[in-house]
Amino acid sequence: MTATTDNTTHGPAHIAAAARPAAQAHGQQHPIKLYLLVWALLFVLSACSYLVDYFDFQGLLRWFLIVVFMLLKAGLIVAVFMHMAWERLALVVAILLPPLAVLVLMAMMAWEGDYTNYLRHFFFMAHS
């Protein structure tokens, strides 16, 4: 028996060439309709955030609505235009988890700052 060294049919180059069309066909091309739909949704969400100012909402409702519209728009942009909707879950978690952890830590620090401020007013202002 003689071993063949012909790499034209069974080599890494052949495998890479065979995998290339499959990779291009799998998840690489998205229909233009999807992008137009997301663009329209972003337009509607931006209009809604401007309507918050137009109808002169005040207080917590105003900030809640602005933040909700902002997060929805950012989520659409990240999911579709940055192609995160088609990535593996591990990559999505690796990218999104650190900013979420920072937001949680910032909320905890804000709560602790309010509590410290409350204690200072309670103990130092009550006796003056």
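A search across the whole structure, a predicted model, turns up seven aromatic pairs (rings of Phe, Tyr and Trp, the last by its six-membered ring, with centres within 6.5 Å; planes under 30 degrees apart count as stacked, over 60 as edge-to-face and the rest as tilted). Take Phe122 and Phe123: their ring centres lie 5.0 Å apart with the planes at 85°, so this pair is edge-to-face. Here is how accessible those two residues are (buried is under 20% relative accessible area, exposed over 50%, partly exposed in between, with a 1.4 Å probe and protein chains only).

| Residue | Relative accessible area | Class |
|---|---|---|
| Phe122 | 45% | partly exposed |
| Phe123 | 45% | partly exposed |

Elsewhere, one aromatic cluster is made up of Tyr54, Phe55 and Phe57. Arg62 puts its charged end over the ring of Trp63, 5.5 Å from the centre (the cut-offs are NZ of Lys or CZ of Arg within 6 Å of the ring centre and within 35 degrees of the ring normal).

Val38, Leu42, Leu45, Ser49 and Val52 are buried in helix 2. An α-helix has 3.6 residues a turn, so residues three or four places apart point the same way. The buried residues of helix 2 pack against helix 3 (59-81), where contact is heavy atoms within 4.5 Å. Just after helix 2, Asp56 has a positive phi of about 60°.

Residues are numbered from 1 along each chain as its sequence is written, and side-chain values use heavy atoms, leaving out hydrogens and water. Because the model is predicted, local features need pLDDT of at least 70 and side-chain atom pairs count only at pLDDT 80 or more, while totals for chains, interfaces and linings use all residues.

Terms used: Helices (H or I, at least four residues) and strands (E, at least two) are DSSP runs, numbered from the N terminus.
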